[in-house]
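Morning, everyone. Please look at the structure on the screen while I talk.

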Amino acid sequence: MTVAVLFPLIIVSFIGRLNELNDQLLLLINSVAGRSWLFDSVIAFFLANDLAKAGVIGGCFLAAWYGGKTAALTNARRKILLTTLVAALCVITTTKILSKTIFLPRPEVQSQKIYKLASDQLVEMKRMPVRFMLDDESQKSYRALVGGDVDSNDLGSFPSDHAGFFIAISLGIWLASRRLGWLALGWTAIVILGGKMISAQHTPLDVAAGAAVAITELSVIQFLVRNRFKGLLEKVTGLTLRYSAFSSAVIFLVAFEVSSTMIHIRAFLGLLAAMRRHVLLGMG
């Protein structure tokens with residue numbers, strides 16, 4: 001009886017402490033923002049420019065794909081990397097679904113007075129005293145936010161899409177090549193995710209949740225493919241070696257999309273969905 005009463009209290013206390021620690025860590029990381037226009041502009045550049053942000057990840061992927069010293073090693077690496085691509089697609093799908101389901105605005109949005117619906121009542125959410133960067137684009141976004149112009153994408157920050165996607169890709173590279181994997185993981189942690197927290201777009205908890213999704217789904221899919229779809233994976237990998245010119249073109253496109261967080265593929269899928277609604281279903 002005592003355990004049944006204390007256990008919920010322990011859970012509530014743990015969650016409260018975790019949230020408090022998350023807020024403190026975010027404010028510590030974010031405290032470097034808003035002090036130097038040059039520093040903030042560099043951070044903003046790496047956040048906004050796809051090549052600067054993730055070109056290193058795409059480069060590491062290509063190097064791992066072609067870097068095997070023997071045909072057997074190349075074959076083994078490509079099996080891992082092909083499975084990693086499947087896992088990355090699953091990860092970004094999962095994080096997108098979760099972020100649309102869980103209402104947790106970005107910390108920069110929570111710096112303003114906002115409300116959420118709880119038990120048929122509007123309740124003011126806790127405000128986050130984050131600092132805003134001084135670069136032109138961040139200041140433009142800040143003025144829009146103060147004016148009440150909030151992007152719908154900013155209302156779902158948990159878990160982090162970038163953390164899930166790039167950690168999945170980087171871990172896959174690490175499984176294929178330790179040296180390249182450490183470079184990809186370091187770049188992801190410091191440049192991509194560090195910038196996201198400095199600019200108050202994500203909290204450490206958002207990043208940790210995205211990383212947890214990436215590690216879990218990559219592990220499960222690597223296991224399933226090795227044990228259930230081994231023959232198919234062998235065949236596809238063999239085709240990449242046999243038709244090296246065609247596979248090189250495809251892998252270039254893959255690396256390009258990895259560097260841009262698959263934004264072009266998502267736009268293409270959106271076009272296909274619109275075509276289905278307006279053409280196939282006869283909607284004007």
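Start with D50 and K53. Their side chains meet in a salt bridge, 3.8 Å from N to O. By salt bridge I mean a side-chain nitrogen of Lys or Arg within 4 Å of a carboxyl oxygen of Asp or Glu. Both residues sit in helix α3, 3 residues apart, so about one helical turn separates them. An α-helix has 3.6 residues a turn, so residues three or four places apart point the same way.

Now, buried or exposed? D50 is partly exposed, at 29% relative accessible area. K53 is buried, at 6%. The cut-offs: buried is under 20% relative accessible area, exposed is over 50%, and partly exposed is in between, using a 1.4 Å probe and protein chains only.

A word on the source. This is a predicted model: local features need pLDDT of at least 70, side-chain atom pairs count only at pLDDT 80 or more, and totals for chains, interfaces and linings use all residues. Residues are numbered from 1 along each chain as its sequence is written, and side-chain values use heavy atoms, with hydrogens and water left out. Helices here are DSSP runs of H or I, at least four residues, numbered from the N terminus.

How many salt bridges are there in the whole structure? The search finds 4. One of them joins R17 and E20, at 3.4 Å, N to O. These two are 3 residues apart in helix α1, residues 2-30, so again about one helical turn lies between them. R17 is partly exposed at 46%. E20 is partly exposed too, at 39%.

Another pairs K79 with E234, at 2.4 Å, N to O. K79 lies in helix α4 and E234 in helix α9, residues 230-242, so this pair ties together parts 155 residues apart in sequence. E234 is partly exposed, at 33%.

Stay with α4 for a moment. T83 lies in that helix. T83 is buried, at 3%. Which residues does T83 contact, leaving aside neighbours within four places in sequence? They are I221, Q222, V225 and L233. Contact means heavy atoms within 4.5 Å.

N22 is buried, at 10%. Beyond four places in sequence, N22 touches T203, P204 and L205.

Next, the cores. A nonpolar core is a set of buried Ala, Val, Leu, Ile, Met, Phe, Trp, Tyr and Cys residues joined through side-chain atoms within 4.5 Å. The largest one has 37 residues. I57, F61, L81, I167, I169 and I173 touch the most other members. Two or more residues each come from α3 (50-66), α4 (71-101), α6 (161-176), α7 (178-198) and α8 (204-228). Which helix gives the most? That is α6, with 9 residues.

Look at I173. Not counting residues up to four places away, I173 touches I57, C60, F61, A64, L81, L180, G181 and A184. A second, separate core has 9 residues, including L26, I114, M125 and L145.

Last, α6 itself. The helix has 16 residues and reaches 23 Å from first C-alpha to last, close to the 22 Å expected. That expected span is 1.5 Å times one less than the number of residues. Of the 16 residues, 14 are buried, so α6 is largely enclosed by the rest of the structure.
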